[in-house]
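Hi,

Here is the structure I promised to pass on.

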Amino acid sequence: MRRVIRAFAVLAAGVLASAGLAAPAVAAPDFQVPFTCGTVVTAATFSGHNPPYSVDFQKDGITGMPVLASAGGTVTRVADEGSTSYGKWIELDHGGGYRTRYAHLSAQQVSVGQQVSLGQQIGKAGATGNVTGPHLHYEQRLNGTTQKAVLDGRAVPYYGHTDFTSHNACGGNPYTAAEVCGSGYSVIDSYGLTGGRVYLLYASSTARNCVVTLKSSNVGTPSAVSAHLQVEGGTTVTDSGSFAYYAGPVSRAAGGLCVKWGGSVGSSSYTSPFEHCG
């Protein structure tokens with residue numbers, strides 16, 4: 001039946017074109033804030049921004065924070081302009097003429113032609129290119145022209161500074177990693193698991209790291225999940241068991257030291273190398 005509907009749509013578009021009529025517009029994707037679930041960022045918009053209607057996402061400590069696909073699509077550009085323009089940047093094609101761009105990245109973690117899903121990590125925020133400070137430059141484009149951005153169904157105000165809370169890849173879990181770790185923590189890294197995501201957070205005021213694993217499947221039903229954290233020179237601390245929503249928080253002081261972190265949901269697991277030093 002789907003093939004029949006698609007064939008009819010193609011035929012109808014051809015009839016409209018031959019009659020000199022425009023085909024119906026394709027609905028825009030449900031674009032989400034390009035940061036991990038629960039992250040609060042400031043969407044800054046400026047008159048005279050180039051290109052028009054671009055958004056600069058700002059947050060203390062944004063350098064190194066995971067940047068997520070704001071909709072599913074195909075990677076069309078992974079470029080590096082050096083110390084000029086966008087610096088390190090990525091473009092995604094979402095179909096129907098819609099594309100998004102993510103610029104001034106400190107790291108790019110996808111390749112051209114790769115298929116990515118909503119909420120998949122594609123890079124890390126930074127300050128590459130022609131910038132005055134760390135932020136994520138973001139664009140929503142239609143047929144090559146930047147559009148006024150809409151995030152999670154909410155129009156970004158032009159012009160000003162407006163806080164947005166990300167609901168990207170939350171997976172239906174009512175908790176966020178920041179809520180579990182407590183006041184003062186911000187997400188600095190994450191890794192997707194089958195059935196969940198493990199998060200690394202940091203509180204600059206206390207120089208403490210925190211690890212939480214949030215479930216995205218079997219939410220509300222107890223099942224195997226874990227979170228672990230090791231500060232360089234110390235032992236690994238783990239919280240594991242049969243939990244309904246999350247494992248953790250596992251928190252340790254780590255000022256000036258590297259950490260190894262990770263977690264698991266069922267048989268899917270992740271352990272980082274020692275990183276995020278200092």
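One salt bridge turns up across the interface of domain 1 and domain 2, taking a salt bridge as a side-chain nitrogen of Lys or Arg within 4 Å of a carboxyl oxygen of Asp or Glu. Lys124 pairs with Asp189 in a salt bridge, with 3.5 Å between the closest N and O atoms. Bear in mind that this is a predicted model, where local features need pLDDT of at least 70 and side-chain atom pairs count only at pLDDT 80 or more, while totals for chains, interfaces and linings use all residues. Residues are numbered from 1 along each chain as its sequence is written, and side-chain values use heavy atoms, with hydrogens and water left out.

Now the domains themselves. Domain 1 covers 39-166 and domain 2 covers 177-271; the bounds come from an automatic or database domain assignment. Their C-alpha centres are 26 Å apart. Eight residues from domain 1 and six residues from domain 2 make up the contact, meaning heavy atoms within 4.5 Å. The two domains bury about 500 Å² between them, 40% of it on carbon and sulfur atoms (accessible area, 1.4 Å probe, that two parts lose on being put together, summed over both).

On to the record: UniProt, in an unreviewed entry, lists residues 63-146 as "domain: M23ase beta-sheet core". Its positions are in the numbering used here, feature names are shortened, and annotations may be inferred rather than shown by experiment. That span, residues 63-146, is 0% helix and 54% strand, and its end C-alpha atoms lie 25 Å apart. Helices (H or I, at least four residues) and strands (E, at least two) are DSSP runs, numbered from the N terminus.

Some strand pairing next, where two strands pair if DSSP finds at least two bridges between them. β1 (residues 40-45) runs antiparallel to β2 (residues 55-58), with three bridges, and Ala44 has Asp56 as its bridge partner in β2. β2 also pairs antiparallel with β10 (residues 136-142) over three bridges; there Asp56 is partnered by His137.

Then there's an open, antiparallel sheet of four strands, ordered β19-β18-β21-β22. β19 (237-243) and β22 (268-271) are at the edges with a single partner strand each, so one side of each has no neighbour in the sheet. β21 (residues 259-265) is joined to β22 by four bridges, and Ser264 sits opposite Ser269 in β22.

Cheers
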